[in-house]
Amino acid sequence: PARDDPTGGNGGPGDEGSLLAAALSPNGKRLAVSGIPLKGVKDGAVPIFILDVETGALVKTIATAREVVSALDFSPTGDRLAAGSPAGVARTSSQAR
């Protein structure tokens, strides 16, 4: 694989990505998901998707992760989102809401 793939190459068939991480906001209204991006996603633009739990609708996409996302966690207030990589790099975003 072109990216660091913690699944050992089993991230998904063909050029598909794979979800590796999810986090539920403290109020239970938003779900953040991410993982191994689709082929062709630029480095530094790995998407983190924020979904509305009630409707399943995509609320926003945050494209700030620089590598595979293996862990996600909302802050206690739900206004920040931390994303971690298999290499131990953690990044935060204030775009969680």
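View 1. In E6, Gly84 is the bridge partner of Ala71. Welcome to a predicted model, in which local features need pLDDT of at least 70, side-chain atom pairs count only at pLDDT 80 or more, and totals for chains, interfaces and linings use all residues. Residues are numbered from 1 along each chain as its sequence is written, and side-chain values use heavy atoms, with hydrogens and water left out. Strands E5 and E6 pair in the antiparallel sense over four bridges; two strands pair if DSSP finds at least two bridges between them. The two strands form a hairpin with six residues between them, and Gly78 in the turn has a positive phi of about 80°.

**View 2. The whole chain, for orientation.** The chain has zero helices and seven strands, where helices (H or I, at least four residues) and strands (E, at least two) are DSSP runs numbered from the N terminus. Read along the sequence, the pattern is β-β-β-β-β-β-β. Of the 97 residues in the chain, 33% are buried; buried means under 20% relative accessible area, exposed over 50%, and partly exposed in between (1.4 Å probe, protein chains only). Among contacts between residues at least 6 apart in sequence, 32% join residues at least 24 apart, with contact meaning heavy atoms within 4.5 Å.

**View 3. The E6–E7 hairpin and its glycine.** Ala83 stands opposite Arg91 in E7. Five residues lie between the strands of this hairpin, and Gly88 takes a positive phi near 90°.

**View 4. Arg80 reaches Thr92.** Arg80 sits in the loop between E5 and E6. At 35% relative accessibility, Arg80 counts as partly exposed. Arg80 and Thr92 are 12 residues apart along the chain, while their C-alpha atoms are separated by 6.6 Å. Their side chains are joined by a polar contact of 2.8 Å. Here a polar contact is a pair of N or O atoms within 3.5 Å; within protein, one must be able to donate a hydrogen and the other to accept it, and residues adjacent in sequence count only if both atoms are side-chain atoms.

**View 5. The E1–E2 hairpin.** Six bridges join E1 and E2, which pair in the antiparallel sense. Ser18 has Ile36 as its bridge partner in E2. Five residues separate the strands of the hairpin, and Gly28 takes a positive phi near 75°.

**View 6. Ser25 in the loop between E1 and E2.** Take a closer look at Ser25, found in the loop between strand E1 (18–24) and E2. At 7% relative accessibility, Ser25 counts as buried. A polar contact of 2.7 Å links the side chains of Ser25 and Asn27. Not counting residues up to four places away in sequence, Ser25 touches Arg30 and Phe74.

**View 7. The salt bridge between Asp52 and Arg30.** The model has one salt bridge, defined as a side-chain nitrogen of Lys or Arg within 4 Å of a carboxyl oxygen of Asp or Glu. Asp52 forms a salt bridge with Arg30, and the closest N and O atoms are 3.1 Å apart. Because Asp52 lies in strand E3 (residues 46–52) and Arg30 in strand E2 (residues 30–36), the pair ties together parts that are 22 residues apart in sequence. Arg30 counts as partly exposed, at 25% relative accessibility. Leaving aside neighbours within four places in sequence, Asp52 is in contact with Lys29, Arg30, Ala57 and Val59.

**View 8. Inside the largest nonpolar core.** This core has 12 residues: Ala21, Ala23, Ala32, Val46, Ile48, Ile50, Ile62, Val69, Leu72, Phe74, Leu81 and Ala83. At least two residues of this core come from each of E1, E3, strand E5 (71–74) and strand E6 (81–84). E3 supplies the largest share, three residues. A nonpolar core is a set of buried Ala, Val, Leu, Ile, Met, Phe, Trp, Tyr and Cys residues joined through side-chain atoms within 4.5 Å. As a handy reminder while tracing the strands, side chains in a regular strand alternate between the two faces of the sheet.
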